[in-house]
Amino acid sequence: MTQKQRMTEGHIYDPADGEIMQEQTACVRNMKEYNALGLGDEARMRELLPQMFAEVGEGTSIQPPFYANWGGKHVHLGKNVYANFHLTLVDDGHIFIGDRTMIGPNVTIVTGTHPVSPALRERGLQYNADVHIGKNVWLGAGAIVLPGVTIGDNSVIGAGAVVSRDIPANVVAVGVPCRVLREIGEHDLRYYDKDKPIDL
């Protein structure tokens with residue numbers, strides 16, 4: 001079994017393998033161009049996104065700069081996903097992000113990780129665990145989502161949270177480590193910012 005096969009089939013592998021590095025280097029070329037773009041370059045950004053990412057739904061937008069180990073090759077984006085500046089995607093494994101999810105600035109989503117064994121880490125080995133983020137999720141600024149995590153639909157992850165385990169749908173979750181603070185309820189459907197009535 002090649003190192004690339006080990007990588008794609010979820011085994012521990014050597015990420016510095018020549019075949020892997022050659023493919024990975026080719027994947028990040030478009031990311032360099034994308035990150036040089038800005039306001040007024042939206043048409044070119046829309047052209048580049050489907051060339052970089054595994055899937056890109058209609059209306060999806062990522063503010064440059066963003067960073068991804070594989071340039072987005074293993075990232076699946078739904079429709080109308082929005083990511084603010086400095087999104088970091090450790091996309092050695094697959095990242096699935098559902099429709100209408102909003103991602104704040106400086107968010108990190110990680111699939112690659114390393115064994116605890118010092119002997120294996122000395123050899124530079126790693127393994128990956130896919131991340132699944134549901135529809136209509138909001139990841140607050142500076143949140144970190146760790147390998148293997150699933151976040152359910154409609155949930156809100158507070159700014160600066162470190163999500164190290166699964167978060168169910170329809171909750172507000174905060175903290176380090178991230179934990180469920182409360183369910184999204186009737187009050188949230190009628191008011192915003194504490195007690196300001198929703199008037200739109």
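**The largest pocket and its surroundings**

Mentor: Helix H6 supplies 3 residues to the lining of the largest pocket, which is the largest share. Keep in mind throughout that this is a predicted model. Helix H6 covers residues 186–190, and strand E20 covers 191–192; each of these two elements provides at least two residues of that lining. In total, 20 residues line the largest pocket, and those nearest its centre are Trp138, Val156, Val172, Ile184 and Asp188. Sorted by class, the lining has 10 nonpolar, 5 polar and 5 charged residues. The volume of the largest pocket comes to about 520 Å³.

Val156 stands opposite Val172, which belongs to strand E18. Strand E16, residues 156–157, is joined to E18 by 2 bridges, and these two strands run parallel. On its other pairing, E18 meets strand E19, residues 179–183, through 4 bridges, and here the direction is antiparallel. Ala173 takes part in this pairing too, with Val180 as its bridge partner in E19. E18 and E19 form a hairpin with 4 residues between the strands, and there Gly175 has a positive phi near 100 degrees.

An open sheet of 7 strands has the order E2-E5-E8-E13-E16-E18-E19, with mixed pairing. E2 and E19 are its edges; each has a single partner strand, so one side of each has no neighbour in the sheet. A further open sheet has 5 strands in the order E1-E4-E7-E12-E15, and its pairing is parallel. Its edge strands are E1 (55–56) and E15 (150–151), and each of them pairs on one side only. E15 is joined to E12 by 2 bridges, in the parallel sense, and His132 stands opposite Thr150 of E15.

E3 and E6 run parallel and are joined by 3 bridges, with Tyr67 opposite Thr88 in E6. E6 pairs as well with strand E9 (residues 108–110), again over 3 bridges and in the parallel sense. There, Val90 has Val110 in E9 as its bridge partner.

In soluble globular proteins, nonpolar side chains tend to be buried together. In this model, the largest nonpolar core has 38 residues, and Phe53, Phe66, Leu89, Ile109, Leu139, Ile151 and Ile157 have the most contacts inside it. The elements that each supply at least two residues of this core include strands E3 (66–68), E6 (87–90), E12 (131–133) and E18 (171–174), as well as helices H3 (29–35) and H4 (42–52). H4 gives the most to this core, namely 4 residues. Apart from this core there is another one, of 5 residues, which include Met7, Tyr13, Cys27 and Trp70.

Leaving out residues up to four places away in sequence, Phe66 touches Met31, Tyr34, Asn35, Met52, Phe53, Gly71, Leu87 and Leu89. Two of these names, Phe53 and Leu89, are also among the residues with the most contacts inside the largest core.

H4 gives the most, 5 residues. By class, the lining of the second largest pocket has 6 nonpolar, 5 polar and 3 charged residues.

Met1 is in the segment before helix H1 (3–8). Its relative accessibility is 59%, and a residue is exposed when this value is over 50%, so Met1 counts as exposed. Met1 still has contacts: with neighbours within four places in sequence set aside, these are Arg6, Glu9 and His11.

Definitions and conventions. Residues numbered from 1 in each chain as written. Predicted model: local features only at pLDDT ≥ 70, side-chain atom pairs only at ≥ 80, totals over all residues. Heavy atoms only, no water. Core = buried A, V, L, I, M, F, W, Y, C linked by side-chain atoms within 4.5 Å. Buried < 20%, exposed > 50% of the residue type's maximum accessible area, 1.4 Å probe, protein only. Contact = heavy atoms within 4.5 Å. 1 Å grid on protein atoms, 1.4 Å probe; cavity = no way out; pocket = protein on both sides within 12 Å on 5 of 7 lines; lining within 4 Å. Points joined across faces, edges and corners; volume = space filled by probe spheres on them. Nonpolar A, V, L, I, M, F, W, Y, C, P; charged D, E, K, R; others polar. Pairing = 2+ DSSP bridges.
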